[in-house]
Amino acid sequence: MTRYIIRRILFFIPVLFIITLITFITMRTIPGGPFDFVGDKSLPPSVVANLEAKYHLDDPLWKQFVDYLWGVVRLDFGPSYRQRGRSVNDIISGTLVTSAQLGAVSLFLSILIGLPTGILAALKQNSIVDYLSTFIAVVGRSVPSIVMGPLLMWIFALQLGLFPTSGWGRPIQVVLPAVTLGAYFSAYIARLTRASLLQVVREDYIRTARAKGLTERAVIVGHALKNSLIPVVTIMGPIFAGVLTGTFVVEQIFAIPGMGKHFVQSVNNRDYPVVMATTLIFALAIAMANLLVDITYAFLDPRIRYE
Amino acid sequence: MFRGRFARILMVAVVLLLALSVVQCGPKPKEAKPVVLNMNLGGEPPTLDPALATDTTSVFCDKQLFLGLTAFEKDTPNVIPELATEWSVSDDGLVWTFKMRDDVKWVNYNPETKEVKEVGPVTAHDVVYGVKRTIDPETASDYAYVLYIIKGAEAANTGEGSLDDVGVRAVDDYTVEFTLENPAGYFAAIAGMWVARPQPKAAIEEHGEKWTEPGNIVTNGPYMLESWEHEASMVMVKNPKYYDADNVQIDRIEMVMVQEDFTEMAMYENNELDVTGGDAGWGPPLEDMDRIKADPVLSKELKIEPRLCTYYYGFINTKPPFDNHLVRKAFSAAIDRQSLIDNVLKGEQIPAKHFACPGIFGAPPVDEVGIEYNPEQAKKWLEEAGYPNGEGFPEVTLMHNVSEAHAKIAQAITAMWKETLGVDVKIETQEWKVYLQTLKKDTPVEDVPHIFRLGWCADYPDENNWVHEVFNVNAGANRVRRGCVDPNCQEVKPSKFDEITEQAGREQDPEKRKELYREAERLLIEEETAIAPIYHYTRITMTKPWVTERYSAALGGDPIKDWRIDVEAKAAAKGE
């Protein structure tokens, strides 16, 4: 197992290298650079030249790439072109923690709500409980954050005054954005858990378990549930990577200083170092999450073994 | 096994809760009831360094922290003294001498101890240092070009000349003298711009790029930086050593950085913000305008006032059929600007007849120069151009950058062209940076649209910044390709308009300058019709009744030192 994990981690290196290269080339290929314009106004070539010299954008491309890689190896992601005087390390370290906190709470919330709801719905298949939870799950899945966020804000902050409208820093400010995010994923998890559990309870080994006289509780908890979690765990990987590195919409609505907006704004601003760093971090998060998922499989299903 | 996993989940929960509790509350003032203004900045200011600021948020912050030689009068674009007490211009208009106050101090505020340390007087040497630092190519300032009017500045900024030869010097500790390349009647406004403000040499040299962080920063304005939680919040506190501190009422400016106008509006309605719009964030969302106007309380808090910006459609003057000025005139006269404002924009914008907005020095009086909505005349012009009722008119393209607001405007205007002129105009969009690349005047003409949309906002309130810096064939970006000999604008041929805008920049007599600019606007809009001006922007703000005085600076940079708050009314409204 340990050897397997080490091998997988070593494999991150070529993957991340290729992603870095592709991102680098893509960013330089799209028209428009970081310093052509200020608002509507084009800058004189002399001013652009000074800016490009300062950030070494006048070096040959291969040199820029090599310098960048050398920086990444030393964990130095370079300066931001847009936020003058701040390094990408400053920006990421400030915002990633915030995004990860929000992501962790909402993920926890979505598992806490999603799993039991899904299990209950499956066990009481075609009952009112099942219909109700499916209905809620469909609503939760279909209402996007951009509607859910303002709705929750309107009800719980403006009308009831129970929570602050937005902001970050106090635990109470986490509630509304975490629920907005969590509602979406818990609906997803609930539906998947239900479908998966329904499939598993029809398996042969469940029949065997019942045949040997185990209680229904022991059958479900001890045998069915564990295996039914495999699809759920599979989708948890990308979700985990996604919410931990920040979500643009929810962070915008609730004015949370997270990393989500940098994915979008850095591209608009052609802030190359920030684009590169956010892409790399997201790729790393996906790779790590998938590794975790694969490791979890081994615990859930005794048939899966890694050599 | 199950028990064990459950325990692990519990553990994760506990760790999460702990992680949350680590997130700390913002610092709370201990003093008895300071006067606090709560506002939104609209986003993270990209910099607080006056040499590097280019955007309205940074400029607003710099306005509170750093004084300029000159400033703008409350609510008007008139230049008034700030650091300077008086100034004079030599007869040839080239040498400007500013006498400065001698009672302004540099201060450093320690957010931990709340201690205000006096660092020394603000002198003419600091102005010289600031100007030269902005021009220094090492600084790589975007707005360095604004100072190119100073002798030797362009050469130094491009590395061809030395910083020692830049035309700015300290005559004595409190007198600074600028020598210009050309006479420029508008230089008093330039001298007050953030890029020309005195900068604290010692602090900059000590802390490098981090000199604008709380604790490091040394400032001289009415406020000092207490905290800057990047991308979340910023707090400024009143500077007790400010020369006019007795007349500053607001003790603390507590700013958030909310990027969503909907959220800002919710915070405002929840009394979390005292003001919105203008320099204080985004202002009410367009979707809320009807509701606000109908609401008896909110409607009183709404204020709509002119802003020094113009929205226009540019024609590519070398691309057929828009190489014919009659076609351009017809398209401009067929736009019903008032209807657009009433039905689409809803922000009481002002229909634009010419380029520069009212309030800009040299802008012609409203109604005297320009083209306005006149469907009959538009049809006649198109007929004269050889397309009666739009017959035989080729398909043409209007392009705008991706944005819901621009799309609504484009749909409305193309419908007007269809209705009045009988022509079909295709709408295309591009992402902002790609769009600006497309519009460059050397892009092959087949790749550019026939018509494009852009806006222009004043850097300083003078026509030179408008007709000359935008459309002069030599000085401006000239995206409309005026005076181009060939379609791709490899070569330009200046016309009377170009001569006039150059002459007006040099002219010393204000009345003569006004005359010249009026003629330039007439040539640009009526004769050549290089563009179709559409509307002048408005600033839409909301102000709680307890903010008893609120001023906007014409060009942004609202002076909070002049604002007033009724503390008791605010406390009562917030239930404190």
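## Domains of chain B

No salt bridges are counted between domain 1 of chain B and domain 2 of chain B. In this predicted model, the side of domain 1 of chain B that touches domain 2 of chain B consists by class of 12 nonpolar and three polar residues, with no charged residues. Polar contact across the interface of these two domains is found for two residue pairs, both at pLDDT 80 or more.

Domain 1 of chain B comprises 36-270 + 544-573, and domain 2 comprises 305-538. The contact draws on 15 residues from domain 1 of chain B and 13 residues from domain 2 of chain B. About 1200 Å² of area is buried between the two domains of chain B, and carbon and sulfur atoms give 61% of this area. Taken over C-alpha atoms, the centres of domain 1 of chain B and domain 2 of chain B are separated by 34 Å.

## Interface of chains A and B

The size of an interface is often expressed as the accessible area lost when the parts come together. Between chain A and chain B, the buried area is about 4800 Å², with 57% given by carbon and sulfur atoms. The contact involves 57 residues of chain A and 55 residues of chain B.

Seven salt bridges are counted between chain A and chain B. A salt bridge links Glu44(B) with Arg86(A), where the closest N and O atoms are 3.7 Å apart. Across the interface of chain A and chain B, 19 residue pairs are in polar contact, with both residues at pLDDT 80 or more.

## Composition of the chain A side

Several elements of chain A give two or more residues to the side that touches chain B, including strands β1 (37-38) and β2 (41-42) and helices α2 (45-54), α4 (88-123) and α9 (216-244). Of the elements on this side of chain A, α4(A) gives the most, with seven residues. By class, the residues of the side of chain A that touches chain B are 25 nonpolar, 20 polar and 12 charged.

## Ser227 in chain B

Ser227(B) belongs to strand β11 of chain B, which covers residues 223-229. Ser227(B) is classed as buried because its relative accessible area is 10%, against a cut-off of under 20%. When residues up to four places away in sequence are not counted, Ser227(B) touches Pro214(B), Ser233(B), Met234(B) and Val235(B).

How values were computed: Residues numbered from 1 in each chain as written. Chains lettered and ligands numbered in written order. Predicted model: local features only at pLDDT ≥ 70, side-chain atom pairs only at ≥ 80, totals over all residues. Heavy atoms only, no water. Helix = DSSP H or I, 4+ residues; strand = E, 2+ residues; numbered from the N terminus. Buried < 20%, exposed > 50% of the residue type's maximum accessible area, 1.4 Å probe, protein only. Contact = heavy atoms within 4.5 Å. Domains from an automatic or database assignment. Buried area = accessible area lost by both parts, 1.4 Å probe. Salt bridge = Lys/Arg side-chain N within 4 Å of Asp/Glu carboxyl O. Polar contact = N/O pair within 3.5 Å; in protein donor to acceptor, adjacent residues only side chain to side chain. Nonpolar A, V, L, I, M, F, W, Y, C, P; charged D, E, K, R; others polar.
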